[in-house]
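This report describes the fold and selected side-chain contacts of one protein chain. The sequence and structure are shown first.

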Amino acid sequence: MPRFCLGRRGKRMTMRSKILFITCGTVIGLLFAIYFASSSIFLRSHARLEVRQTVCNVERVLAALHDSLDKLGVLVHDWSAWDDMYQFANDRNKAFVQTNLGDGTFNNAKLNLILVLDPNGHYVHGKSYDLENEIEVPFPRELDDFVQTHRSLWQFSDVDGNLEGVVALPSGLLLIASRHILSSNDKGPSHGTLTMGRWLNTPMIDHISSVTQLTIAVG
């Protein structure tokens, strides 16, 4: 009568079960390790992609801002190298102000500020304008202080000197451009400095957002 070695076969099955369990455990562990490693790589890659995208967006905004400053600089050059402005800075005739520095000039050129200084940094003419409400407004007192404490705004080392940049004032950010006031053929001596400015406010930000196709907020 045949005998069944139940005990021995049971031992073999137990050993196989152990081997199978260990193998499955190893495979599952490797799968988890691969999953977490690939997830980590994906997250790092995604983070690097986000950083690159952010840098690219910032560069686009800065390029648009530089373009706005360049155009403001061209406008200032057109006005500062002009015989009529050259004479006005010297004799301060009111006819020039009435003809050329009225509200229409601010509206047409989208300007918030025009400032004319003599060679010593003293005021010849200054006007501040609210483009949204189309009215003249008081000249920013903080800009008065800035002009007196930052001679680089109006004092240049040579006759071709100029300045373009963004001034941070308590009332907001102001894009400015300044140049020597010269004759129409760009000859001196300088009769002072012409500065023009535009507030970096909602209309300006909306314009830059439109150009860059980005949502921009200045806080």
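## Basis

The model is predicted: local features need pLDDT of at least 70, side-chain atom pairs count only at pLDDT 80 or more, and totals for chains, interfaces and linings use all residues. Residues are numbered from 1 along each chain as its sequence is written, and side-chain values use heavy atoms, with hydrogens and water left out.

## Overall make-up

The chain has 6 helices and 6 strands; helices (H or I, at least four residues) and strands (E, at least two) are DSSP runs, numbered from the N terminus. Their order from the N terminus is α-α-α-α-β-β-β-α-β-β-β-α.

Of the 219 residues in the chain, 33% are buried. Buried means under 20% relative accessible area, exposed over 50%, and partly exposed in between (1.4 Å probe, protein chains only). The chain exposes about 14200 Å², of which carbon and sulfur atoms supply 59%; accessible areas come from the Shrake-Rupley method with a 1.4 Å probe, and for residues only the protein chains shown count as cover. Among contacts (heavy atoms within 4.5 Å) with a separation of 6 or more, 57% involve residues 24 or more positions apart.

An open sheet is formed by 6 strands in the order 3-2-1-6-5-4, with antiparallel pairing. Two strands pair if DSSP finds at least two bridges between them. Strand 3 (135–137) and strand 4 are the edge strands, each pairing on one side only. On average, neighbouring strands of this sheet are turned by 25 degrees against each other, direction ignored.

Strand 2 and strand 3 run antiparallel and are joined by 3 bridges. Asp-130 has Ile-135 in strand 3 as its bridge partner. Helix 5 packs on the sheet, touching strand 1, strand 2, strand 4 and strand 5, and its direction makes about 130 degrees with that of strand 4. Axes are lines fitted to C-alpha atoms, for helices over the stretch in contact, and angles run from 0 to 180 degrees between N-to-C directions.

## Helix 5

Leu-143, Phe-146 and Val-147 are the buried residues of helix 5 (residues 141–149). Seen down the helix axis, these buried residues fall within an arc of 100 degrees, so they line one face of helix 5; the arc is that of the directions from the helix axis to the C-beta atoms. They pack against strand 1 (113–117), strand 2 (123–130), strand 4 (162–169) and strand 5 (172–180). On the other side of the helix, Arg-141, Gln-148 and Thr-149 are exposed.

## Salt bridges

The whole structure contains 3 salt bridges, each defined as a side-chain nitrogen of Lys or Arg within 4 Å of a carboxyl oxygen of Asp or Glu. One joins Asp-67 and Lys-71 (3.2 Å, N to O). Both residues lie in helix 1 (residues 6–80), 4 residues apart, about one turn of the helix. Asp-67 is partly exposed at 36% relative accessible area, and Lys-71 is exposed at 53%.

Arg-92 and Asp-118 form another, with the closest N and O atoms 3.8 Å apart. Arg-92 lies in the loop between helix 2 (83–91) and helix 3 (94–100) and Asp-118 in the loop between strand 1 and strand 2, so the pair ties together parts 26 residues apart in sequence. Arg-92 is partly exposed at 42%, whereas Asp-118 is buried at 11%. Lys-127 and Asp-103 also form a salt bridge, with the closest N and O atoms 2.7 Å apart. This pair links distant parts of the chain, with Lys-127 in strand 2 and Asp-103 in helix 4 (residues 103–109), 24 residues apart. Lys-127 is buried at 7%, and Asp-103 is partly exposed at 34%.
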